[in-house]
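Q: I would like to go through this structure with you, one region at a time. Could we begin with how the helices pack?

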Amino acid sequence: MTSTAPKLKVSYFDFRARGEVTRLVLQIGGIAFEDERVSFAEWSTRKATTTFGQLPSITIDGKTTIAQSHAIERYVSVLAGLYPADPVRAALVDQVHYSAQDMFEAIYRTPKEAEAKAATRAELASTKFPTLLAGLEKAIGEHGGGKWAVGDALSLADVSIYVSVAELKTGLWDGIPTDLADKYPHVMRIYEAVKSHPRMVEWVAAHPYKA
């Protein structure tokens, strides 16, 4: 990190969900940041002080705070060199990123009542998630440069795929088979490539992916 680089604090709860893409982009980009893990007890009093009453947020140089996970992810990806300057390439990265994150959004919208939850998760496993994964597989096949999802450089798109597949494989998503992504070779290639990145190996050793 150079002397002119911003001082960053990422604030989120002590789990992955909407905060992990940001953390991993910064980690892979070699950008130092304060990883603030907010407890639920603290959140109950802190919520009213935030812009939209939600986390994650990122504070830049102790002055500017940005909310909304996608805005944060775009910002840190630019800082880390994981977001293309070319507008077409940037849009291709975005389409993969948003599609991968749609898996999380579908999980968040699952009803809590047991019978409705089971039915919703069954539909996700049989229809919604295979459709999303097939779309990712096609997009990578059309626009990937071999190792990565868009062109020949690691980007936000790859990190987003990794986070979604890694979360799927924890088994935390009740009713969703942990091997659901395994039959999509392009998707799995991206997952394995990000997983084996030296800075990812370092991160996972300190923050194991487990249920």
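Predicted model: local features only at pLDDT ≥ 70, side-chain atom pairs only at ≥ 80, totals over all residues.

Q: Fine. How do the axes of α1 and α3 cross?
A: The axes of helix α1 (residues 20-28) and helix α3 (residues 69-80) cross at roughly 5° and come within 9 Å. Angles under 35 degrees count as roughly parallel, and α1 and α3 are therefore roughly parallel to each other.

Q: Which residues make that contact?
A: On the α1 side they are V21, T22, V25 and L26, and on the α3 side I72, E73, V76, S77 and A80. By class, the residues of this contact of α1 with α3 comprise six nonpolar, two polar and one charged.

Q: Is α1 itself enclosed or open, and how many of its residues are buried?
A: Nine of the nine residues of α1 are buried, so α1 is largely enclosed by the rest of the structure. The buried residues include the charged E20 and R23 as well as T22 and Q27.

Q: What about R23: buried or exposed?
A: R23 has 0% relative accessibility and therefore counts as buried. A polar atom of its side chain lies 2.8 Å from the backbone oxygen of F15. Beyond its neighbours within four places in sequence, R23 is in contact with Y12, F13, F15, R16, F33, D35, R37 and W203.

Q: What follows just after α1?
A: G30 does, with a positive phi of about 70°.

Q: Which residues other than glycine have a positive phi?
A: D61 and Q68 are two such residues. Phi of D61 is near 55°, and that of Q68 is about 75°. D61 sits in the loop between β3 and β4 (64-67), whereas Q68 belongs to the loop between β4 and α3. D61 counts as partly exposed because its relative accessibility is 41%; Q68, at 37%, also counts as partly exposed.

Q: And where is the cis peptide bond?
A: The bond from L55 to P56 is cis, with omega near 15°. P56 lies in the loop between α2 (40-46) and β3 (57-60). For context, most residues other than glycine have a negative phi, and most peptide bonds are trans.

Q: Back to helix pairs. At what angle do α6 and α7 pack?
A: Helix α6 (residues 156-170) and helix α7 (residues 185-195) pack at about 95°, and their axes are 8 Å apart. Angles of 65 to 115 degrees count as roughly perpendicular, and α6 and α7 are therefore roughly perpendicular to each other.

Q: Which residues meet there?
A: From α6 there are D158, V159, I161, Y162, V165, A166 and K169; from α7 there are V187, M188, I190, Y191, V194 and K195. The residues of this contact of α6 with α7 divide into 10 nonpolar, no polar and three charged.

Q: V187 is in that list. What does the side chain of E137 reach at V187?
A: The side chain of E137 reaches the backbone nitrogen of V187 at 3.0 Å. E137 is in helix α5 (residues 114-143), and it counts as buried because its relative accessibility is 12%. Not counting residues up to four places away in sequence, E137 touches Y184, P185, H186 and V187. The C-alpha atoms of E137 and P185 are separated by 7.5 Å, although the two residues are 48 apart along the chain.

Q: Last topic: the largest nonpolar core. Which residues touch the most other members?
A: F129, I161 and I176 do, in a core of 59 residues. There is also a second, separate core of six residues, including Y12, F13, A17 and V38. In soluble globular proteins, nonpolar side chains tend to be buried together.

Q: And what does I176 touch?
A: Not counting residues up to four places away in sequence, I176 touches I107, R121, L124, A125, F129 and L168.

Note on methods:
Residues numbered from 1 in each chain as written. Heavy atoms only, no water. Helix = DSSP H or I, 4+ residues; strand = E, 2+ residues; numbered from the N terminus. Buried < 20%, exposed > 50% of the residue type's maximum accessible area, 1.4 Å probe, protein only. Contact = heavy atoms within 4.5 Å. Polar contact = N/O pair within 3.5 Å; in protein donor to acceptor, adjacent residues only side chain to side chain. Core = buried A, V, L, I, M, F, W, Y, C linked by side-chain atoms within 4.5 Å. Axes fitted to C-alpha atoms, helices over the stretch in contact; angles between N-to-C directions. Parallel < 35°, antiparallel > 145°, perpendicular 65-115°, else oblique.
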